[in-house]
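Let's take a friendly walk through a protein fold, one piece at a time. Keep the picture beside you and follow along.

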Amino acid sequence: MRGILFALMMAATPMMASEDIADQYPGSLLYSKPVEFIPGVWSAIGATAPPTYENSGHNNNLSFIVTGEGVVVINGGAAHKLAEALHEEIKKITDEPVIAVFNENGQGHAALGNSYWAAQGVDIIAHVDAAHELEEYGAQILSGMMRYNRDKGDGTEITVPNVTFEDEYILEKGDFRIEARYLGPAHSPGDISVWLPNQSLVIAGDMAFHERMLPIFEDTITADWLETWDTEFEALEATYVIPGHGHPTNMDQVRKYTKGYLEYLRAQIREHIDNGGDLAGAYYVDQSPYEGLDTYEELATKNAGRVFEQMEWE
Ligand SMILES: [Zn+2]
């Protein structure tokens with residue numbers, strides 16, 4: 001009897017931080033079907049998980065704006081076929097052609113599908129630093145994707161954006177003024193946010209995370225990210241946010257899981273350093289307030305180590 005009760009209790013326990021989330025759109029390579037978040041602005045929400053064969057590398061948000069004078073896509077997608085799958089969905093929604101594709105940075109899931117879009121004759125637009133990442137590390141990024149994506153990666157080639165900018169790139173189409181902005185150093189080189197002032201919506205890119213733990217890479221300078229957040233990202237005063245990862249939401253929510261997490265982790269590491277702690281101990285600072293986030297298991301200790309290495313020298 002006790003055994004059965006125990007089994008029932010276990011079954012009723014909500015799953016925490018699991019990446020075993022089933023594909024939500026089995027009929028497509030996309031992890032989920034695009035949804036219209038506000039009129040004209042759609043997003044296919046990626047899995048809040050590492051890239052896998054099952055999610056086809058669709059673990060970031062692939063958004064598009066149906067402007068009335070053409071469709072603007074935000075993110076090339078992780079592979080040629082994934083970009084094609086997104087295009088299939090766009091064609092079901094509108095007859096307007098895709099006129100531009102933005103890469104939110106130089107990461108694989110932002111830019112590896114560029115070869116598909118280039119073959120459609122579409123301009124691919126990114127920050128100069130994102131283009132540089134692809135020029136410098138494209139071969140590694142491509143082989144990393146092929147390792148998990150195998151046949152789903154077929155047809156993918158490195159295609160560097162043909163249009164680059166330093167501060168901002170503005171498109172005015174239909175009801176939309178689309179401002180692609182470089183707000184400053186954040187998560188990775190060449191991060192941009194796409195700001196729609198008329199709709200008060202920002203397609204934030206990796207500036208903002210939701211529902212999953214953010215990854216701190218070797219080149220993610222957390223102090224700079226926080227400064228960019230406070231001085232530039234907050235200044236947009238966006239009503240709606242489509243984050244780089246996780247469902248569309250508002251500023252309060254992405255502030256909690258992005259700026260809030262960065263500040264929390266930095267405070268934990270600061271205390272650890274002040275108490276004479278070393279790198280080996282830094283991996284295990286308490287991050288329990290965030291353990292319910294997806295990718296916690298993969299990232300929490302790594303993030304702590306990287307923040308320690310940075311803060312040692314601050
Ligand atoms: Zn991302």
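In which sense do S1 and S2 pair, and over how many bridges? The two strands pair in the antiparallel sense, over 3 bridges. One thing to keep in mind as you read on is that this is a predicted model.

**The whole protein**

Let's step back for a moment. The secondary structure of the protein comes to 9 helices and 12 strands. Its radius of gyration is 20 Å, close to the 20 Å that the globule rule gives for 314 residues, so the protein is as compact as a globular protein of that length. Taken along the principal axes, the box filled by the C-alpha atoms is roughly 60 × 55 × 40 Å. Of the 314 residues, 47% count as buried. If you look at contacts between residues at least 6 apart in sequence, 68% of them join residues at least 24 apart.

**The sheet of seven strands**

Now back to the strands. An open sheet is formed by 7 strands in the order S1-S2-S3-S4-S5-S6-S7, and its pairing is mixed. At the edges are strand S1 (35-38) and strand S7 (163-165), each of which pairs on one side only. On average, neighbouring strands of this sheet are turned by 25 degrees against each other, direction ignored.

| Strands | Sense | Bridges | Bridge partners |
|---|---|---|---|
| S1 and S2 | antiparallel | 3 bridges | Ile38 and Val41 |
| S2 and S3 | antiparallel | 4 bridges | Trp42 and Phe64 |
| S3 and S4 | antiparallel | 4 bridges | Val66 and Val71 |
| S5 and S6 | parallel | 3 bridges | Phe102 and Ile125 |

What about the side chains? In a regular strand, they alternate between the two faces of the sheet. You can follow this idea along S2, where Val41 and Ser43 lie on one side and Trp42 and Ala44 on the other. All four are buried, and both faces of S2 are covered. In S3, Leu62, Phe64 and Val66 point one way, while Ser63 and Ile65 point the other way. Why can S3 be called largely enclosed by the rest of the structure? The reason is that 5 of the 5 residues of S3 are buried.

Helices lie across this sheet too. Helix H2 (residues 80-93) lies across strand S2 (41-44), strand S3 (62-66), strand S4 (71-74) and S5, and runs at about 30 degrees to S3. Helix H5 (residues 128-149) lies across S6 and S7, running at about 105 degrees to S6.

Strand S11 (residues 201-209) pairs with S12 in the parallel sense over 5 bridges. Within this pair, Phe209 stands opposite His245 in S12.

Let's finish with a pair of helices. Two packed helices are described by the angle between their axes and the distance between the axes. How do the axes of H7 and helix H9 (residues 296-311) cross, and within what distance do they come? They come within 10 Å and cross at roughly 60 degrees, which makes H7 oblique to H9. The crossing of H7 past H9 is right-handed. On the H7 side, the contact is made by Leu265, Arg266, Ile269, Arg270 and Ile273. On the H9 side, Asn303, Ala304, Val307, Phe308 and Met311 take part.

Methods:
Residues numbered from 1 in each chain as written. Predicted model: local features only at pLDDT ≥ 70, side-chain atom pairs only at ≥ 80, totals over all residues. Rg over C-alpha atoms; globule rule 2.2 N^0.38 Å. Buried ≥ 20, exposed ≤ 12 C-beta atoms within 10 Å, placed from the backbone. Contact = placed C-beta atoms within 7 Å. Pairing = 2+ DSSP bridges. Axes fitted to C-alpha atoms, helices over the stretch in contact; angles between N-to-C directions. Parallel < 35°, antiparallel > 145°, perpendicular 65-115°, else oblique. Left-handed = near helix turned anticlockwise from the far one by under 90°.
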